[in-house]
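This note sets out points on the chain contacts, the helix packing and several individual residues. It is meant to be read alongside the coordinates.

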Amino acid sequence: MKFFHLIWCNLKRKKLRTSLTLLSILVAFVLFGFLASIQQALVGGVAMAGADRLVVRHRVSIIQLLPESYKARMERIPGVVLATHQTWFGGIYQDPKNFFMQNPVVPDEFLNMHPEIILPPEQLADWLKTRTGAIVGRKTADRFHWKIGDRVPIQSSIWSKADGSRSWEFDIVGIYDGKNKGIDTTPLFFRYDYFDEERQPDRGRGLVGWYTIRVKDPAQAAEVAKRVDQEFENSSAETKTEPEGAFIQAWAKQIGNIVFIVSAILVAVFFTILLVTGNTMAQAVRERTGELGVLKAIGFTNAQIVSLVLAESCLLTVLGGVLGLGLACLIMPVLAEKLSGLLPLFFFPTRDLLVGLGLSVVLGLVTGIFPALQAMRLRVADALRRM
Amino acid sequence: MSESKSNNGPLVRVEGVDKVFHRGSEDIHVLADLSLQVPSGEFLALMGPSGSGKSTLLNLIGGLDRPTKGSVFVGNDRIDQLSDRSLAAWRARHVGFVFQLYNLMPVLTAERNVELPLLLTHLTKTERMKHVETAMAVVGLSHRTRHYPRTLSGGEQQRVGIARGIVTDPTLLLCDEPTGDLDRKAGNEILDLLQALNREHGKTIIMVTHDPHASARASRTVYLDKGQLSNEPVK
Amino acid sequence: MAGPINWFSQVFSITKFGLLSIPQRRGAVVATIIGIAGVVTVLVGVLSIAAGFKQAMTASGAPDSAIVLRSGADSEMVSGLSRDQTRVIADAPGVARTAEGPLASAELFVIIDLPKRSTGTDANVPLRGVESAALRVRDNIKIVQGRMFEWGKDEVIVGSGAAQEFAGLELGSKLKVGRYEWPVVGIFSAAGGVAESEIWSDAKVLQAAYNRGDSFQSVYAKLNSPGAFQEFKDSLTANPQLNVKVSRQSEYYAEQSEKVTLLITTLGFLIAFLMATGAVFGALNTMYSAVSARTREIATLRALGFGRGAVVVSLMIESLVLALVGGAVGGGLAYFAFNNFHTSTMNFQSFSQIAFAFKVTPALLVRGIVWAALIGLIGGLFPAIRAARMPIAAALREL
């Protein structure tokens, strides 16, 4: 890399112009990080889905309830290892703005079904001992400064207790973490038996929201899904069963074709950057016709001249890219804090960071190629004359 | 007439060379059936009015351009038939250039400018800088190595240009109006340097100039007019 | 001594020279214009989503209409009212009355899964059961194809937005609701409001299909006048038999659209802000290179007597002109690409899909132009100051 000094000094030629171009590129990559985070927040859940899990809901719509008794029938279906349920509680903690999910579950089944939820065994033991116990994810616990032992009141907009009140109280017995960054640690989970016994008998007792099933062989998932739906055909509550990934995917798609919108914006942004940087590089080469002629006279080959120009444009874009992506890595967590109510899973995935770095190199090559070819085609004698 | 080991006869042989430029629909015949021989160790001056084709001839000898017809030999190499890539490599090894306007890179220091041709070799950084040091000492600028061209006088810049031209110890040193942009005093210093390179270091130098004071320093002068070479100045 | 008239003509001349020199620097100029156009297009485009969504929600509520839910329910889905309660509400003071009775409709609201045309996957579509007064409570409902459903029959009518966004809702097709199949007998419009995203049936029919007994979820009532709202609300909240939340329809829908509108607006602004920052750097680049290319020319003008101020102002005007061109291009592009683009999204507050169209409003276009102008002014300011501060003699020598 003995040519590095030459390339670097050439970039320093017009410091102001180089800096401004660099800043444009930097901003573009911050934007890239931002859009990648938005995409992750809205549709990233799909990647976290369990390959061996299916979601069973009421055929008509997710808001219809299913009988608790279905569990036993499901577990008898060949290919099904375990079935457990959850229900939408729809509670509010202090203010509707503080939204997070709270679902009643069967504790040990639930944790068995979701190994990506990490709960220390002694906390699980406490949960099994405490009827009004609840475990809460680290994010929500940190947000409201909850500790184990706290008693938390939640108002349900849907479920009232037998005595008519809508105020439910839970004791925090555990705080769970996610196995990796993509796992949502905002929900709170409490005991189904407490929920079922306390809720008004004529309004849904014995009914649950949806089931999650573990299949023995993920390759057989579609088959098993069909069998489940067949089992409950023509009963009071028909089911629709699909792999967890498909379920989450469909949910995300309800919001809209987010991936498309994000990609469209990114294309617009990078196209613009391409123009700006390409223009800078073209100008830089035009101004240096004479110097390029000298290099050729000295004996630099065409290939070397092209490489020098490309290296220059790449250095510019990669530097801008690294700085921009780095800045994005710093800013996104701060934004995530502010957006945690609306978008709990907002973060900048590592995979996209790497894509961004690759993109910065590609950008350098694309913006540099035309000026590089122009430099290559310079006829030495003409170039020297022009000086 | 000193002969180098690698050839019997002149170092540079230009034989029956034509050079035609196409400007739009016009054809300009700059050189017509021109022949020239330059022995090794000679300090040759090429003189002639502007437009006579002296720079064109220099470019042909230096492998910066190809003749429309005819052949150019330097040493045993027939350079007009080399591919672009081979020509570049050939130039790197065999030719040093000195330009009227110095053509230094403003973003590099003097020593980095001199180093440029060495980047094309396989020498290590230490070895390269040693050669640079030597070249700078020969041109008498060891105290200005870290200066940028804009802080050097015209004469100093040209000396850096000469240092760059000799740093790879090339077979030929080609100078295109080296004193054209300098005042009398600085010009003389440069010519002193070139003469020293020729007499003490045996460098073969071909210099294009329109200044009789410069050509007086050469060991031989040829005159170019309307693409034709002669040993006598044009009337 | 330059008086005001002279000053203006100075500015005019310098600006004219500047604009005339554009062909020489067209690469950089085009890059800047496209950069600014890009910012404006994205800004206007993304905000038109929020504007369209908001418009669909607010077109829905007239100030003399009210909606009553159970207290504590923040959307119809989680609300619940008994038949008796709905009767009390319908008879409350302030409700408009006709010969047939009060203009109040007790309604059921559920969601049903239907494939979204654009993605092919299922989405939550609102299915509403209404009473006969519903058409007059919401006075902008028009049957545009087919006919209204017959009361008591298993038939539905579909909002034009829903028919466009979801598969299987054309006139004559059969809507599958659990085990039932109900024919679609009509398509209706609702002046662009939320109702257009819904499927309607007779409340009684829906109650039977969903085993709701005789319970409802909301009451929509038309009031005698906008002013009658307070009276209506007070009588209901004071009533010990009821435990209800009373709002004007317009307020209710505004509340329902809050979160989504906030999300889109916030994200849209952040994206556009980042792009604008990038565009400022681009504009600065163009203008600095313009200034440096014309150093001698500007210095000559100053040597001739043109004032510093005139130089600064003309350069800024030049930058502003380029930016405004970019803004106009961007706004125009956004308008043609996005205006009235139909789509639908899930309103997570109501858990159901809302069909709406992107709306590039005049206000948005103005905002886009303003952003472009700001970018142009900032981009022109620093280079202009630099040009004005250059020492004349040095600048004249510069090549």
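Does N340(C) count as buried or exposed, and how many C-beta neighbours does N340(C) have inside 10 Å? The first point takes up this residue; the model under review is a predicted one.

1. N340(C) counts as exposed, because 11 C-beta neighbours lie inside 10 Å and the class extends to residues with 12 or fewer. The residue belongs to the loop that joins α10 and β15 of chain C. Its backbone deserves a look, since N340(C) is a residue other than glycine and yet has a positive phi, near 65 degrees.

2. N234(A) sits in the loop of chain A between α9 (221–231) and β13 (239–243). With 7 C-beta neighbours inside 10 Å, N234(A) is classed as exposed.

3. On the arrangement of the chains, two pairs are in contact, and chains A and C share the most contacts. Chain B and chain C do not touch, and their nearest C-alpha atoms are separated by 13 Å.

4. The contact between chains A and C draws 39 residues from chain A and 44 residues from chain C. On the side of chain C that touches chain A, at least two residues each are supplied by α2 (26–58), β5 (104–115), β6 (122–130), α8 and β15 (342–347) of chain C. The largest share of that side is the 15 residues of α8(C). Sorted by class, the side of chain C that touches chain A holds 22 nonpolar, 17 polar and five charged residues.

5. One helix pair spans this contact. Helix α2 (residues 15–43) of chain A and helix α8 (residues 249–293) of chain C have axes that come within 9 Å and cross at roughly 165 degrees. α2(A) and α8(C) are therefore roughly antiparallel to each other, angles over 145 degrees being counted in that way. The crossing in which α2(A) passes α8(C) is left-handed. Residues in the contact of α2(A) with α8(C) comprise 17 nonpolar, seven polar and one charged.

6. Within the same helix α8 of chain C lies L262(C). Is this leucine buried or exposed? L262(C) is exposed, because 12 other C-beta atoms lie within 10 Å and 12 is still inside the limit for that class. From L262(C) to R302(C), 40 residues apart along the chain, the C-alpha separation is 52 Å.

7. The axes of helix α10 (residues 308–338) and helix α11 (residues 362–389) of chain C come within 7 Å, crossing at roughly 150 degrees. α10(C) and α11(C) are therefore also described as roughly antiparallel to each other. The crossing of α10(C) and α11(C) is right-handed. In the contact of α10(C) with α11(C) there are 20 nonpolar, nine polar and two charged residues.

8. For the contact of chain B with chain A, 22 residues of chain B meet 20 residues of chain A. Helix α2 (residues 84–94) of chain B gives the largest share of the side of chain B that touches chain A, namely six residues. The composition of that side is 14 nonpolar, two polar and six charged residues.

9. Leaving aside residues up to four places away in sequence, K19(B) touches V30(B), L31(B), T56(B), L60(B), P67(B) and T68(B). One of these partners, P67(B), is 48 residues from K19(B) in sequence, yet the two are 5.2 Å apart from C-alpha to C-alpha.

10. Finally, helix α10 (residues 244–255) of chain A has 12 residues and reaches 18 Å from its first C-alpha to its last, close to the 16 Å expected at 1.5 Å a residue. Residues E244(A), F247(A), A250(A), A252(A), K253(A), Q254(A) and I255(A) of α10(A) are buried. G256(A) follows α10(A) and has a positive phi, near 140 degrees.

Methods: Residues numbered from 1 in each chain as written. Chains lettered and ligands numbered in written order. Predicted model: local features only at pLDDT ≥ 70, side-chain atom pairs only at ≥ 80, totals over all residues. Axes fitted to C-alpha atoms, helices over the stretch in contact; angles between N-to-C directions. Helix = DSSP H or I, 4+ residues; strand = E, 2+ residues; numbered from the N terminus. Parallel < 35°, antiparallel > 145°, perpendicular 65-115°, else oblique. Left-handed = near helix turned anticlockwise from the far one by under 90°. Nonpolar A, V, L, I, M, F, W, Y, C, P; charged D, E, K, R; others polar. Contact = placed C-beta atoms within 7 Å. Expected span 1.5 Å × (residues − 1). Buried ≥ 20, exposed ≤ 12 C-beta atoms within 10 Å, placed from the backbone.
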